[in-house]
Amino acid sequence: MIHAGHLPIDIGEALGMEAIRFAVIALFLLVPIGWWSRRHWRDLQALSKMADDFGHGNLSARADVARGASIAPLAGRIAALLEARKHLLHAVSHELRTPIARLEFGMELLRERHAGDDEALQRRLQAMLADVEELKALVEELLSLNQLDHAEAMPRQAFAPTPLLRACTPPQGAHEFNASIADDLGELHGDARLLARAINNLLGNAAKYAQSRITLTATRGEQLHIVVEDDGPGIPADARAQVFEPFYRLTRQADHAAGGYGLGLAIAARAIRLHGGDILIDASPLGGARFTVSI
């Protein structure tokens with residue numbers, strides 16, 4: 001057994017000095033790292049919020065990050081890509097109008113001058129004119145979608161939703177349509193025409209898939225609730241968020257048979273969010289999809 005005494009150093013004092021040195025080093029290392037991490041966390045949160053805003057249709061949202069932040073180039077690149085997409089969509093939509101109008105005029109002229117009694121040529125020209133009408137409808141939908149990217153441009157006036165909703169109907173078809181609209185739904189501030197477009201888009205979507213029944217109900221508590229239901233095949237739970245994305249269509253056969261461009265629900269969702277509302281999808285007691293608008 002070895003016993004050491006009367007050492008030339010004080011163990012307690014030495015440990016105290018080591019603790020002080022460790023604290024000083026930690027202070028000089030951890031404070032800058034903590035400050036740097038906090039800045040990055042704040043910038044990442046701003047980027048995450050921008051992504052959430054994009055998901056809710058607010059494409060004018062931008063991340064509030066410092067110019068010298070390491071993720072500032074990424075945020076700027078995302079903003080630039082969105083601006084480029086918006087301008088491209090706008091330019092292409094406008095530029096397509098002119099050749100479509102020329103095609104329409106040329107085919108009408110051809111039908112009047114040369115088709116005569118040629119029934120096969122008449123049928124072919126009629127089919128081509130129908131294709132041109134589809135192109136025109138697609139261009140108009142693209143322009144509508146592009147306009148909704150500018151939330152600040154939407155006129156905001158007080159209007160009564162009751163008569164507006166009572167005027168909304170699905171496209172004519174072999175469906176039973178029932179509407180239950182409360183007499184007093186108060187007032188809303190926004191664009192009445194745009195909200196009517198959104199509800200008619202929901203009804204048009206219901207008409208594509210309903211087997212025989214479509215319903216529209218509107219009530220008011222703390223919020224205005226507008227519900228559109230049908231007795232069609234419904235929308236799978238894992239696709240209910242995606243159907244509001246532009247050009248998204250389910251892969252099932254019924255969706256391809258129904259036609260359309262995958263823009264109607266995207267326009268409806270953005271129009272409703274511009275009014276401060278939200279839209280949710282679940283299963284309807286009728287058997288199909290239920291769209292619930294809350295404003």
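Modeller: A residue is buried when its relative accessible area is under 20%, exposed when that area is over 50%, and partly exposed in between, with a 1.4 Å probe and protein chains only. This is a predicted model, in which local features need pLDDT of at least 70 and side-chain atom pairs count only at pLDDT 80 or more, while totals for chains, interfaces and linings use all residues. Residues are numbered from 1 along each chain as its sequence is written, and side-chain values use heavy atoms, with hydrogens and water left out.

Colleague: How many helices and strands does the protein have?

Modeller: Helices (H or I, at least four residues) and strands (E, at least two) are DSSP runs, numbered from the N terminus. Along the sequence the elements follow α-α-α-β-α-β-β-α-β-β-α-α-β-β. The count is 7 helices and 7 strands.

Colleague: What share of the contacts with a separation of 6 or more comes from residues 24 or more positions apart?

Modeller: A contact means heavy atoms within 4.5 Å. The protein has 295 residues, 36% of them buried. Among contacts with a separation of 6 or more, the share from residues 24 or more positions apart is 65%.

Colleague: Is Met 17 buried or partly exposed?

Modeller: Met 17 lies in helix α1, residues 11-55. Its relative accessible area is 39%.

Colleague: What accessible area do Met 17, Ile 20, Val 24, Leu 27 and Phe 28 have together?

Modeller: These residues form a nonpolar patch on the surface. Patches take residues with over 30% relative accessible area and no salt bridge, joining like charges within 9 Å and nonpolar side chains (Val, Leu, Ile, Met, Phe, Trp, Tyr) within 5 Å. Areas come from the Shrake-Rupley method with a 1.4 Å probe, and for residues only the protein chains shown count as cover. The patch has about 510 Å².

Colleague: Which residue forms a salt bridge with Arg 166?

Modeller: A salt bridge is a side-chain nitrogen of Lys or Arg within 4 Å of a carboxyl oxygen of Asp or Glu, and the whole structure has 4 of them. For Arg 166 the closest N and O atoms of the pair are 2.6 Å apart. Arg 166 lies in helix α4 (161-166) and its partner in the loop between β2 (176-181) and β3 (188-190), so the bridge ties together parts that are 17 residues apart in sequence. The partner is Asp 183.

Colleague: Which side chain of opposite charge is nearest to Asp 231?

Modeller: Asp 231, in the loop between β5 (224-230) and α6 (253-258), is buried yet has no salt bridge. Lys and Arg count as positive and Asp and Glu as negative; His and the chain ends are not counted. The nearest side chain of opposite charge is 5.8 Å away and belongs to Arg 213.

Colleague: Which side chain does a polar contact of 2.9 Å join to that of Asp 231?

Modeller: A polar contact is a pair of N or O atoms within 3.5 Å; within protein, one must be able to donate a hydrogen and the other to accept it, and residues adjacent in sequence count only if both atoms are side-chain atoms. A polar side-chain atom of Asp 231 also lies 3.2 Å from the backbone nitrogen of Arg 213. The contact of 2.9 Å is with the side chain of Ser 212.

Colleague: How many of the 11 residues of helix α7 are buried?

Modeller: Helix α7 spans residues 264-274 and is largely enclosed by the rest of the structure. Its buried residues include Leu 265, Ile 267, Arg 270 and Leu 274. Just after the helix, Gly 276 takes a positive phi of about 80°. The buried count for α7 is 9.

Colleague: How far apart in space are Pro 171 and Asn 201, C-alpha to C-alpha?

Modeller: Pro 171 sits in the loop between α4 and β2 and is partly exposed at 47%. Not counting residues up to four places away in sequence, Pro 171 touches Leu 203, Gly 204 and Ala 207. Pro 171 and Asn 201 are 30 residues apart in sequence, and their C-alpha distance is 9.8 Å.
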